[in-house]
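Please examine the sequence and the three-dimensional model shown here. The report is intended to be read beside them.

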Amino acid sequence: MTALTTPLSRLRWTFTDGLTLVGRELGRLRHDPGELVAALIFPAVMVVLFGYVFGSAIQVPGGGDYREYLMPGLFAMVTFSAWLGVMTRMATDASRGVMDRFRSMPVARLAVPFGQTGADLLTGLLMLAIMVVTGLLVGWQPHRGLLPAAQAFLLMIVLRYALSWVGVYVGLAVRNEQVADAMVPLGLPFTMVSNAFVPTGGMPAWLRFLADWNPVSALTAASRELFGNPGAPSGDVAWPLAHPVAAVLLWSAALLAIFVPLSLRAYIRRGRS
């Protein structure tokens, strides 16, 4: 076996090509600034809309400022949106023949999905940074210090990366940018049926069960706990809310274990079809 065919060489080749494709995705945003501006304005609009329009009508469990209760939920909402953006970009590249052109080039086969998820991670970090600044301006702040706050943001990054692989697989499965665009609104119920904006205690039992086991709820609860914001779960609650940090890590591990192999197999099979 030559040095070029060793597993280490193939891994290095995939990593290098993946970084190149991350740059390609970021460059595409530079040439289409409207998409980037919309993505960056969206978090700030959500803070203002939910914090000031709905804030006066919602009581925080145990008392406290609603905007401080809200911000962890908005962080979770932006995190969850990862799969939607990746899905749309993957479907667009597939339908326009971009992936076929990549396959005709000496590019590592696995570099394309890795490039998509890596680029999404970088744009997600920028969106989180804008949300942090906006939150600080409207009165939100973490109360437990730098280390717990860093742990909360690390959880968001880990779950976002895991969710981006869901987007890769779905985008390859639909293979059509129009279908992918039509599926984007389907992401809204996942964020709304959670504890991100309102407590789940007032929901019907069946809906509360779905909300309590929603990964958005787990991330929101973990963030509230680590930030020291109001609304952290207490008393007799579902397991994901009683152990939200562990729940987020388990959700992330499960999503990666399921969708990374599915995505890579779908990408390779698409090249053979």
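## Basis of the description

This is a predicted model, in which local features need pLDDT of at least 70 and side-chain atom pairs count only at pLDDT 80 or more, while totals for chains, interfaces and linings use all residues. Residues are numbered from 1 along each chain as its sequence is written, and side-chain values use heavy atoms, with hydrogens and water left out.

## Overall architecture

The chain has 13 helices and zero strands. Helices (H or I, at least four residues) and strands (E, at least two) are DSSP runs, numbered from the N terminus.

Of the 273 residues in the chain, 47% are buried. Buried means under 20% relative accessible area, exposed means over 50%, and partly exposed lies in between, with a 1.4 Å probe and protein chains only. A contact means heavy atoms within 4.5 Å. Among the contacts in the chain with a separation of 6 or more, 81% are between residues 24 or more positions apart.

## The nonpolar core

A nonpolar core is a set of buried Ala, Val, Leu, Ile, Met, Phe, Trp, Tyr and Cys residues joined through side-chain atoms within 4.5 Å. The largest such core has 59 residues, and Leu74, Phe75, Trp83 and Phe197 have the most contacts inside it. Two or more residues come from each of several helices, including α2 (33-54), α3 (66-80), α4 (82-95) and α7 (146-174). The largest share, twelve residues, is given by α7.

Trp83 touches Leu163, Ser164, Val166, Gly167, Val170 and Gly187, when residues up to four places away in sequence are not counted.

Helix α4 has 14 residues and spans 20 Å from its first C-alpha to its last, close to the 20 Å expected at 1.5 Å a residue. The expected span of a helix is 1.5 Å times one less than its number of residues. Twelve of the 14 residues of α4 are buried, so this helix is largely enclosed by the rest of the structure. Among the buried residues are Trp83, Arg89 and Asp93. After α4 comes glycine 97, whose phi is positive, near 80°.

Helix α7 has 29 residues and reaches 42 Å from its first C-alpha to its last, close to the 42 Å expected at 1.5 Å a residue. It is followed by arginine 175, whose phi is positive, near 60°.

Arginine 160 lies in helix α7. With a relative accessible area of 6%, arginine 160 is buried. Its side chain is joined to that of aspartate 120 by a polar contact of 3.1 Å. A polar contact is a pair of N or O atoms within 3.5 Å; within protein, one must be able to donate a hydrogen and the other to accept it, and residues adjacent in sequence count only if both atoms are side-chain atoms. Beyond four places in sequence, the residues that arginine 160 touches include Val78, Ala82 and Met127.

## Aromatic rings

The structure holds twelve aromatic pairs. Rings of Phe, Tyr and Trp (its six-membered ring) pair if their centres lie within 6.5 Å; planes under 30 degrees apart count as stacked, over 60 as edge-to-face and the rest as tilted. Phe75, Trp140, Phe153 and Phe227 are linked by ring pairs into a cluster.

The charged end of arginine 224 sits over the ring of tyrosine 69, 3.7 Å from the ring centre. A charge sits over a ring if NZ of Lys or CZ of Arg is within 6 Å of the ring centre and within 35 degrees of the ring normal.

## Three further residues

Serine 217 is placed in helix α11. Its relative accessibility is 0%, so serine 217 counts as buried. The side chain of serine 217 reaches the backbone oxygen of alanine 211 at 2.5 Å.

Valine 138 is found in the loop between α6 and α7. Valine 138 is buried, with a relative accessible area of 13%. Its C-alpha atom is separated by 8.4 Å from that of glycine 51, although these residues are 87 apart along the chain. Arginine 208, in helix α10 (residues 205-212), counts as partly exposed at 30% relative accessibility. Leaving out residues up to four places away in sequence, arginine 208 touches Thr200, Gly201 and Met203.
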